[in-house]
Amino acid sequence: MDPAPAPPPPYAVHLVSGGRSSPELALLLRSLAAARVVALDAEWKPRRRGSPAAAGTGDGASPAPAPPQFPTVTLLQVACRGGNGGEGERERCEVFVVDLLAVPLADLWAPLRDLFERPDVLKLGFRFKQDLVYLSATFAAALGGDAGFDRVEPFLDVTNVYYYLKGHDRQKKLPKETKSLATICKELLSVSLSKELQCSDWSCRPLSEGQIQYAASDAYYLLDIFDLFQQKITTEGKCSSTTELNSDKHCSATVIECSSSGYDICSGGYLMSIVTKYSEKILLTDSDTKPHSSRRKEKSKVPTNAKCKDKVDYSTEWQGPPPWDPSIGGDGYPKFLCDVMIEGLAKHLRCVGIDAAIPSSKKPEPRELLNQTYKEGRILLTRDVKLLKYQYLASNQVYRVKSLLKHDQLAEVIDTFQLKISEDQLMSRCTKCNGSFIQKPLTLEEAVEASKGFQVIPSCLFNRNLEFWKCTDCNQLYWEGTQYHNAVQKFLSVCNISD
């Protein structure tokens, strides 16, 4: 049974799988020639590790490794908008899924190359450079070395559009972490794109209906995202006297109604002003067009006996003593730093009364982690094997947690470091910030006063005789409700504490 398909576009999807005489291909070529905004995407068969190597020489020697090759693009998705309707008519959007295993590539090469380089057509994509590299290699392999593509301009990446719509300063660099297209569609369009078919075998035929709808959606929703972008800059252009979209600093009043979201693609000079200010171009260099073998794979092939014998032993076993050990001048109070991979463990450690900090930044460098570990006299807990190679900088202060589940991780840390947990320690630290609680509990009246403008105390607690505890660092309030008692029972079991 196929996974549930992605939400279908609100337009018919044309599957192009014939030559120039087929009506679908003829419609595609007419749409490309008339379009002013085109969204593009591509699919290819995913490469699996351990694929068969090239055949041997026949003399008993080991088979030579196959030279690196780019994947063959088997599907091209195109969503066109603009130029289809007559005067006063609604501009149409045509969505095409082009089967590159069935359509003669010679019939597509010239129209695609013309589209990619036409200055009056804005091309949209999501991280499309890799798609272009593979697409170029596919056409060059089928038609000859000169039949590739080396540029797409003008081009607009929807990742940049996303950050613009989210108010990111265009003068600053974009964040390193890139949102997925599914996340962008969810946040901007409230559309959930299923990615279950993303890694399906796109070389198998016939394509399932789910695959066709998935592929079409990836291209179509790029147009809807562009509509939101255009809506924002149109509004800003009409409302702001300082807009830079046109040379006269006013938004053009000539607009053609077209989009399903109720907004329009501006005609003539206004669209070109968008292109001038916001678009970029994709240019492929000679290096881009040559596949490279994986450096990681090459590194793994180095014989064991060729490795340097003076390397540090990256043992995952704890060798102690910990920095809080009184025998080496410690204060006897265990303290840990949990990296971003196991922040959940930090909360569990706090629940059993252990001082457990987390990094001050979301993506700390290894040196930052080790510096914090050393300064605060902590043990760094991590699941990242790579961090172990830095432990020579902080002797006996890095431990790799082997368990996957938080309960198991907590039990592992307690056992490894021989931590003594008593019932009095349970729920004695703030799980939010790792702070300590005030020595004397608050009354209901004091808690209500302390919570003003900060935290809401449920009204159902007003008629109960409860004590409230406040964190001395972040002022978070806690009380002994149902969640508290459930947590205590859970940690009594994990820590092997008898009632």
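## Sheets, helix packing and local backbone features

Contact here means heavy atoms within 4.5 Å. Helices (H or I, at least four residues) and strands (E, at least two) are DSSP runs, numbered from the N terminus. Axes are lines fitted to C-alpha atoms, for helices over the stretch in contact, and angles run from 0 to 180 degrees between N-to-C directions.

The model is predicted, so local features need pLDDT of at least 70 and side-chain atom pairs count only at pLDDT 80 or more, while totals for chains, interfaces and linings use all residues. Residues are numbered from 1 along each chain as its sequence is written, and side-chain values use heavy atoms, with hydrogens and water left out.

Two strands pair if DSSP finds at least two bridges between them.

**The four-stranded sheet**

Another open sheet has four strands in the order β11-β10-β12-β13, and its pairing is parallel. Here β11 (355-357) and β13 (398-400) stand at the edges with a single partner strand each, so one side of each is left without a neighbour in the sheet.

Three bridges link β10 (residues 335-338) to β11 in the parallel sense, and Lys335 stands opposite Asp355 in β11. Helix α9 (residues 343-351) packs on this sheet and touches β10, β11 and β12 (379-382), with its direction at about 160 degrees to that of β11.

**Helix pairs**

Two packed helices are described by the angle between their axes and the distance between the axes. The table gives these values for two pairs.

| Helix pair | Axis angle | Axis distance | Crossing |
|---|---|---|---|
| α11 (residues 406-416) and α13 (residues 482-494) | about 50 degrees | 10 Å | right-handed |
| α2 (residues 105-117) and α3 (residues 128-143) | roughly 140 degrees | within 11 Å | left-handed |

The angle of about 50 degrees between α11 and α13 makes α11 oblique to α13. Angles under 35 degrees count as roughly parallel, over 145 as roughly antiparallel, 65 to 115 as roughly perpendicular and the rest as oblique. A crossing is left-handed if the near helix is turned anticlockwise from the far one by less than a right angle, and right-handed if clockwise. The residues that meet are His407, Leu410 and Ala411 in α11 and Lys490, Phe491 and Val494 in α13. By class, this contact has four nonpolar, one polar and one charged residues. Ala, Val, Leu, Ile, Met, Phe, Trp, Tyr, Cys and Pro count as nonpolar, Asp, Glu, Lys and Arg as charged, and the others, Gly among them, as polar.

For α2 and α3, the axes cross at roughly 140 degrees, which makes α2 oblique to α3. From α2, Leu105, Ala106, Leu108, Trp109, Leu112 and Phe116 meet Leu132, Leu135, Thr138, Phe139, Ala142 and Leu143 in α3. The contact of α2 with α3 divides into 11 nonpolar, one polar and no charged residues.

**Salt bridges**

The structure holds 14 salt bridges, each a side-chain nitrogen of Lys or Arg within 4 Å of a carboxyl oxygen of Asp or Glu. One of them joins Glu187 to Lys166, with the closest N and O atoms 3.4 Å apart. Glu187 lies in helix α5 (residues 181-189) and Lys166 in the loop between α4 and α5, so the pair ties together parts that are 21 residues apart in sequence.

**Backbone features**

Most residues other than glycine have a negative phi, and most peptide bonds are trans. A cis peptide bond joins Glu153 and Pro154, with omega about -10 degrees; Pro154 is in strand β6. Arg205 and Pro206 are also joined by a cis peptide bond, with omega about 5 degrees, and Pro206 lies in the loop between α5 and α6 (209-239).

Met427, not a glycine, has a positive phi of about 55 degrees and lies in the loop between α11 and α12 (444-451). Asn434 has a positive phi near 80 degrees and lies in the loop between α11 and α12.
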